Amino acid sequence: MSRSFDAVVIGGGANGLVAATALGKSGLRVLLLEAAEALGGQSRLVEFAPGFRAAPLATDPGWLPPAVARATEIDSPARLSVEAPVTIAAAGEHLTLWRDTARAADAIRPLSHADAKRWPSFIARLRKLAGFLETLYRVPPPDVNAPAGELLSFIGLARRFRGLGREDMLEFLRTLPMSVWELLDDFFESGLLKAAVAPGGMVGVRQGPRSGGTGFALLHGLVGAEAGVARGRAPWRDGPEAFTRAAHEAALRAGVTVRTGAQVARIEVRDESVAGVVISTGETISTSRVLSTADAARTFLGWVDPVWLDPEFLHAVRNIRYRDSTAWVLYALAGLPEIPGLTPEALRGVITLTPSLKALEQAADCAKYGSMSERPHVEVTLPSLHFPGLAPEGKHVLVARVQHAPYRLGNGTAWDAAGRETLERAVTDAIAAVIPGFVGRVLHRTLLVPPDIEARFGLTAGAASHGEVALDQILFMRPVAGWARYATPIAGLYLGGAGAHPGPGVLGGPGWLAAQRLLGNRPVRAGESS
Ligand SMILES: Cc1cc2nc3c(=O)[nH]c(=O)nc-3n(C[C@H](O)[C@H](O)[C@H](O)COP(=O)(O)OP(=O)(O)OC[C@H]3O[C@@H](n4cnc5c(N)ncnc54)[C@H](O)[C@@H]3O)c2cc1C
């Protein structure tokens, strides 16, 4: 059977839903195909034990650019207020970095008077620099080969950049390539404080805090964050799936046909142009436009016959680094854990367990050689504190995010039962070191290593980033240099997932910009849509 649509969007995550809505609103007949039985992509809930659920890849709900919400008429979900976004609890010490800057400074003071004094200016600087990234993330990346006319959209951006002022402009350019270690050393002396902030620069990268570019990764994770916050965005008030529900409703209002349980197997190409999509049942859907929100490797190496692609382009796609090296352990708990000295309020944010920059770096060292860390960096969240419906009454869910656990071990071997057991034990030990009686409260645990994430969420090498968030893989180099503006070497095929600019964590950012490209709309000028 063959059916026909004006456009097919592949993937029902944040970007697929936003792209399909934008295309549907423009009057196209749009079909969205999602392989899983449920929408949401990386914010999908996983039931890992009867009655216990978690969205491990979306403990930070990300930033929904207001312009995208407005243009697609998605009812932007409300956020919870989290007063204690990040706490470090390690080696018998703890420190909570409250959202209220003065309160955070009071908490820092017993560790260092000088650091307490510097905290407000540090946090204000992070906000300002992340704010500039937000501006950059509202428009397509610069096209280095573009005619002068197209570069106009960047003139506004350059003006905004100058508006930062000389000192902040230099600080922005200096911070991006810096290591988060150097950045923190510039400001602070307390090892505990530095170790609390640094993991924000390790999300979506294989490196530890000594690596160049982790300064950029820290800022990237702060786009859209509230003032005063050193780490991440507050959860949606109505649960991890609140954005998916709102975006799904908007897609339906825009007339999009949504099919779940529909796994794309091939993109049909004729005369260098898209001709249709074949799903795993053999069904063909005719269309001349496909917008894929799966990652670039999956799209080009998995679904397109290589005869249609230039070897150089294929080579560049093969060279995209997918190596987040992140694992998760999901724990079903018999009751709410307690960390001595921490208020219940502090349990509502991220709790990071690695005591020093050196220990963070050592946790990353092994991954370079393809082995898992013996003492991995572990940070935990308790989503059932915000959303009791994620666990049976009186019980709780604890999500441990673990770095570093590479996709393949050492000499290319797969994860076996012994390797899994070793990692799981190391994580449980790290948690038990700060939560007395933790092991006795565990009813069930599920370990997800990168190959599990790949199979469950359709992500190459289990990389939630769709391509590491590194300086050579952003802007006009995302997904690959020369093809960063959503169109691809195949006419009618567009890439609009997190593997395209502006990357992961910007909900609908790449999807919306890719839809504009497909529709032939001019780029939005900086500041025009804020
Ligand atoms: C540094 C970093 C920061 C991040 N920050 C956040 C954050 O703050 N909040 C957050 O929620 N997430 C975050 N993420 C995770 C993620 O990048 C974002 O959620 C992002 O928005 C992903 O959306 P997407 O729609 O592009 O991709 P995905 O959510 O991966 O969706 C792609 C969809 O395609 C589907 N698919 C794959 N193969 C097929 C097939 N064969 N046929 C049909 N469908 C298929 C998949 O099932 C999936 O649903 C972050 C990741 C990193 C590394």
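Begin by colouring the protein chain by pLDDT, the predictor's confidence in each residue on a scale from 0 to 100: the average is 92, and 95% of the residues score at least 70. Next select residues 523–530, where the pLDDT is below 50; beyond near neighbours in sequence, this stretch has 21 contacts in the model, a contact being a pair of residues whose C-beta atoms, placed from the backbone, lie within 7 Å. Where pLDDT is low, the predicted coordinates should not be read in detail.

This is a predicted model, in which local features need pLDDT of at least 70 and side-chain atom pairs count only at pLDDT 80 or more, while totals for chains, interfaces and linings use all residues. Residue numbers start from 1 along each chain as its sequence is written.

**The whole chain**

Show the protein chain as a cartoon to see its 18 helices and 18 strands; these are DSSP runs numbered from the N terminus, with helices (H or I) of at least four residues and strands (E) of at least two. The C-alpha trace spans about 65 × 55 × 45 Å along its principal axes. Buried residues account for 55% of the 530 residues, where buried requires 20 or more other C-beta atoms, placed from the backbone, within 10 Å of the residue's own. Of the contacts between residues at least 6 apart in sequence, 73% join residues at least 24 apart.

**The domains**

Colour separately domain 1 (2–77 + 240–320 + 461–519), domain 2 (99–220) and domain 3 (326–459); the bounds come from an automatic or database domain assignment. The C-alpha centres of domain 2 and domain 3 lie 27 Å apart. Their contact takes 14 residues from domain 2 and 15 residues from domain 3. On the domain 2 side, select helix H8 (residues 191–197), which gives the most, with five residues. By class, that side has eight nonpolar, three polar and three charged residues; Ala, Val, Leu, Ile, Met, Phe, Trp, Tyr, Cys and Pro count as nonpolar, Asp, Glu, Lys and Arg as charged, and the others, Gly among them, as polar.

Definitions and conventions. A residue is buried if 20 or more other C-beta atoms lie within 10 Å of its own, exposed if 12 or fewer, and partly exposed in between; C-beta atoms are placed from the backbone. Two residues are in contact if their C-beta atoms, placed from the backbone, lie within 7 Å.
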